[in-house]
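Biologist: Please show me the model, and then I will ask about its chains and how they meet.

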Amino acid sequence: MTVETSAHQLAGVKTHAAAIELENVSKDFRLESGEVVTSVDSVSLRIEPGEFICVIGPSGHGKSTLLNMIAGFLPPTSGTVTVGGTPVTKPGPDRGVVFQRDTLFLWKTVAQNIEFGLKARGIPKVERKAVVAEMLKIIGLEKFADAWPKQLSGGMRRRVAIAAVFANKPEVLLMDEPFVGIDYLRLAQLHEVLLDLWQEAEKRAVFMVTHDVDEALTLADRIFVIKHGRLALDLKVHLPRPRLTDDITGPEANALRRQLLEEFSR
Amino acid sequence: MRVRTAVPTVAGGIAGVLVVAAIWSAIASVNTAARFPVIPAIVQATIDNFDAAPILAYTTFGTGGIWSNVLWTAQNVLLGVATGLIVGFATGLALARIHWFNRLGRLPIAILGTVPVLAILPFLTLWFGNSALATSGLVIFFTALTVASTVQSAAGAAEVKYSDYAATLGVSKSRTTMSVILPALVPSTIGVVRAATAFGWGFQCIAEVLGGSQGAGRLVRSFSDATQTAGAIGVLIVVGIVAVVVDALIGLAGRRIVRWNE
């Protein structure tokens with residue numbers, strides 16, 4: 001699929017559609033006092049299909065607002081948000097979202113949770129079962145297919161939540177601090193699952209909000225730093241994959257870490 | 001494991017009943033039988049009137065005994081709760097999910113919610129005489145209001161928690177209501193049905209005492225008018241036992257239905 005973005009139209013260049021593209025996107029909120037606060041301020045960015053983006057920045061500086069606009073939960077005050085070349089007007093299955101809060105349906109088993117989106121979209125049963133089996137294998141919970149969410153640990157629930165979204169095969173995966181409060185060992189396991197699922201579909205882009213610089217260095221192709229609603233830094237991460245502890249603690253990673261921390265404290 | 005955890009509960013319950021019986025016996029020993037009959041007299045009156053209570057023939061030209069009248073009351077409580085549940089559930093869900101219905105219905109329902117339940121009894125008698133509907137009206141009214149309020153707030157919470165997520169899975173609004181919001185409401189609805197049933201016994205008996213032609217409340221009034229206090233207390237004890245059994249059955253069914261709940 002090819003489209004011409006406005007910037008490229010000016011240049012007369014035809015390109016592949018970006019996975020996510022924001023052009024001069026701003027979002028204002030009116031407080032109860034009547035004061036207007038700009039949460040996102042004229043952000044323009046382009047994310048290519050297959051890119052893994054981590055978004056970091058101080059709390060309350062517009063990271064989640066940005067994600068919510070891409071998801072279609074919030075309309076921008078000005079500017080345009082497009083996903084796969086199509087303007088975003090409302091939430092849709094092309095943009096899977098893993099929320100910080102637990103959204104598993106408690107009355108559905110693990111397998112039913114993973115299957116739910118496929119069923120709602122009328123995917124045939126045979127195909128659904130195959131996808132569920134594949135997802136359960138990737139997240140390592142084959143034995144828990146018939147378990148209720150209440151019977152799972154926090155880390156297992158996160159894995160199911162991610163699988164339920166990936167099963168829907170969205171073009172873009174949006175994640176808002178999905179691993180908050182998970183211990184270090186489980187976090188490594190979840191990162192592995194996430195990267196497996198991401199790499200399974202070549203063109204799937206991930207847009208993940210996090211507070212954890214190490215997590216961003218472990219996962220991302222590019223790291224965006226959002227400060228005061230603006231894109232303060234767009235940092236490319238050229239570390240090899242899979243990224244082992246040596247890669248994350250090596251000189252190149254430390255240089256990137258320093259650059260990010262300097263941007264934070266500026 | 002379950003037996004082990006049930007033993008202290010049952011033992012505690014029996015001990016509680018024995019304590020109440022001891023206090024009652026102490027009070028009865030210094031009072032007249034018309035005010036505080038002794039426990040053996042209550043047991044005897046209950047046995048004597050269980051299948052047939054002659055007092056009914058004098059006061060209402062009616063027949064039957066404690067058991068048939070308690071069953072009548074139980075049937076009306078359960079029918080009243082079921083009717084109130086259907087009305088309240090539909091109303092609460094519509095208030096939460098249908099914008100125009102919320103605008104139209106919110107204020108009238110809020111005003112109805114402020115009406116003391118017993119204050120509507122004279123109206124029910126005016127409109128429906130001393131029929132079963134008149135006496136069950138209180139139970140229906142109370143259940144419908146409490147269920148509507150609970151369902152509305154639970155549906156609102158479920159919407160906040162799940163509707164964005166469902167939308168990103170490509171689920172339509174109507175399917176979200178059926179497959180997501182409705183199941184999410186089940187635990188809180190079962191809780192409120194249990195509470196409404198517990199209060200329902202009281203409302204049903206009050207309605208029968210004040211204007212019913214039969215039922216446990218009417219029988220209590222007949223015994224009371226004839227100063228047969230032991231018989232009146234016997235009716236209340238049987239009502240209490242049936243109410244506890246019904247509550248246990250609802251609780252058991254509820255636990256089975258929402259076995260997935262945390």
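**Chain A, then chain B**

Modeller: In this predicted model, chain A has nine helices and twelve strands.

Biologist: What is the radius of gyration of chain A, and how does it stand against the globule rule?
Modeller: For 266 residues the globule rule gives 18 Å, and the value for chain A is close to that. Chain A is therefore as compact as a globular protein of that length. Its C-alpha trace spans about 50 × 45 × 45 Å along the principal axes. The radius of gyration of chain A is 19 Å.

Biologist: What percentage of the residues in chain A is buried?
Modeller: A residue counts as buried if 20 or more other C-beta atoms lie within 10 Å of its own. Of the 266 residues in chain A, the buried share is 39%.

Biologist: Which helix of chain B gives the largest share of the side that touches chain A?
Modeller: On this side, 15 residues of chain B are in contact with 20 residues of chain A. The elements giving two or more residues to that side of chain B are helix 7 (132-168) and helix 8 (173-211). The largest share is six residues, and it comes from helix 7 of chain B.

Biologist: How are helix 8 and helix 10 of chain B oriented, roughly parallel or roughly antiparallel?
Modeller: The axes of helix 8 and helix 10 (residues 229-257) of chain B are 10 Å apart, at an angle of about 170 degrees. Angles over 145 degrees count as roughly antiparallel. So helix 8 of chain B is, relative to helix 10 of chain B, roughly antiparallel.

Biologist: Which class of residue has eleven members in that contact of helix 8 with helix 10 of chain B?
Modeller: Residues of helix 8 there include Val186(B) and Trp201(B), and those of helix 10 include Val239(B) and Ile250(B). Three residues of the contact are polar and two are charged, while eleven are nonpolar.

Technical notes:
Residues numbered from 1 in each chain as written. Chains lettered and ligands numbered in written order. Predicted model: local features only at pLDDT ≥ 70, side-chain atom pairs only at ≥ 80, totals over all residues. Contact = placed C-beta atoms within 7 Å. Helix = DSSP H or I, 4+ residues; strand = E, 2+ residues; numbered from the N terminus. Axes fitted to C-alpha atoms, helices over the stretch in contact; angles between N-to-C directions. Parallel < 35°, antiparallel > 145°, perpendicular 65-115°, else oblique. Nonpolar A, V, L, I, M, F, W, Y, C, P; charged D, E, K, R; others polar. Rg over C-alpha atoms; globule rule 2.2 N^0.38 Å. Buried ≥ 20, exposed ≤ 12 C-beta atoms within 10 Å, placed from the backbone.
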